[in-house]
Amino acid sequence: MNIILLGPPGAGKGTQARRLVEARGMTQLSTGDMLREARTSGTEMGQRVAEVMDRGELVTDDIVIGLIEEKLEADPDGSFIFDGFPRTLAQADALGDLLDRHGTPLHCVIEMQVDDAALVARITARSTCASCGEVYNDLTRPIPDDGKCVVCGGTEFIRRADDNEESLKTRLLAYYKQTSPLIGYYYAKGALKSVDGLGEIDAVAAAIEEALG
Ligand code: AP5
Ligand code: MG
């Protein structure tokens, strides 16, 4: 089964993808995580990617499509959660071609609906475990009092360079201009399921399970 989690920055895509990995043994493919890994490579490409990400703009289609293609080639029978990909119509077409080539259909696209005010509050309070990527939030899911990650016991937590109000404005604009047309695109293909992403994390997870059928 392949599914896409579609939603604005801070909608909870990463949080819910990790739930699905645990519940269904699927593989999370987050282009954001892959790009954050690439930027630490010290290459010139990594440096260019870092600048674009920190401004909150989208990285070029060919780079992210290439990253996804590599993952699909490496695990042709995998069951994938696409988290933050596709983000443009060109990426959506490319993903359709890749899945056709591998003979694995797209089960559905889960659109996570969260209003903009909640997104700003969520993102400016986010931190992530440096070892395993578990996502925390100062307000709604704080790091435990003993300072240890609930998943891996790690003690280092990071805040993303693009999690500030200025970059967030650009990220939101990129979402509305370049990514939100995908809602109509997948609706027209009969693949779209929309869930309320504003509830508690467990309630959103339950809504996603129901949408997956
Ligand atoms: P990416 O890493 O994908 O960032 P994003 O889309 O901006 O989304 P986020 O990761 O910020 O949010 P999320 O939806 O995963 O929310 P989370 O679960 O963390 O992309 C970063 C950058 O990389 C882009 O700007 C671009 O430059 C580049 N990029 C990536 N993919 C690309 C592509 N395909 N094409 C081109 N460029 C690309 O949750 C957020 C917070 O809210 C957390 O603190 C969490 O604990 C909390 N939270 C989650 N759910 C709830 C809930 N139900 N209630 C309360 N709090 C909650
Ligand atoms: Mg994410």
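I shall speak about a helix packing, then aromatic rings, and then a sheet. Please keep in mind throughout that this is a predicted model.

Let us begin with the helices. Helix H2 covers residues 31–38 and helix H3 covers residues 44–55. Their axes lie 8 Å apart, and the two helices pack at an angle of about 130°. H2 is therefore oblique to H3, since an angle over 145 would be needed to count as roughly antiparallel. Which residues of H2 and H3 meet? From H2 come Gly32, Leu35, Arg36 and Ala38, and they meet Gly46, Val49 and Met53 of H3. Sorted by class, this contact of H2 with H3 has four nonpolar residues, two polar residues and one charged residue.

I turn now to the aromatic rings. A pair of aromatic rings is described by two quantities, the distance of the centres and the angle of the planes. The count for this model is five aromatic pairs, and I shall present two of them.

One pair is formed by phenylalanine 82 and phenylalanine 85, with ring centres 6.4 Å apart and planes at 45°, so the pair is tilted. Are these two residues buried or exposed? Phenylalanine 82 has 0% relative accessibility and therefore counts as buried. Phenylalanine 85 is buried as well, with a relative accessible area of 1%. Together with Phe80, Phe82 and Phe85 form one aromatic cluster.

Another pair consists of tyrosine 175 and tyrosine 176. Here the ring centres are 5.4 Å apart and the planes stand at 75°, so this pair is edge-to-face. As for accessibility, tyrosine 175 is buried, at a relative accessible area of 7%, whereas tyrosine 176 is partly exposed, at 39%.

Finally, I come to the sheet. Strands of a sheet pair through backbone hydrogen bonds, either parallel or antiparallel. In this model, three strands form an open sheet in the order S6-S5-S7, and the pairing is antiparallel. Which strands stand at the edges? They are strand S6 (135–137) and strand S7 (157–158). Each has a single partner strand, so one side of each is left without a neighbour in the sheet. Strand S5, residues 126–129, pairs with S7 in the antiparallel sense over two bridges. Looking at this pairing by residue, threonine 128 has isoleucine 158 in S7 as its bridge partner.

That concludes my presentation. Thank you for your attention.

Notes: Residues are numbered from 1 along each chain as its sequence is written. Chains are lettered from A and ligands numbered from 1 in the order in which they are written. This is a predicted model: local features need pLDDT of at least 70, side-chain atom pairs count only at pLDDT 80 or more; totals for chains, interfaces and linings use all residues. Side-chain values use heavy atoms; hydrogens and water are left out. Axes are lines fitted to C-alpha atoms, for helices over the stretch in contact, and angles run from 0 to 180 degrees between N-to-C directions. Helices (H or I, at least four residues) and strands (E, at least two) are DSSP runs, numbered from the N terminus. Angles under 35 degrees count as roughly parallel, over 145 as roughly antiparallel, 65 to 115 as roughly perpendicular and the rest as oblique. Contact means heavy atoms within 4.5 Å. Ala, Val, Leu, Ile, Met, Phe, Trp, Tyr, Cys and Pro count as nonpolar, Asp, Glu, Lys and Arg as charged, and the others, Gly among them, as polar. Rings of Phe, Tyr and Trp (its six-membered ring) pair if their centres lie within 6.5 Å; planes under 30 degrees apart count as stacked, over 60 as edge-to-face and the rest as tilted. Buried means under 20% relative accessible area, exposed over 50%, partly exposed in between (1.4 Å probe, protein chains only). Two strands pair if DSSP finds at least two bridges between them.
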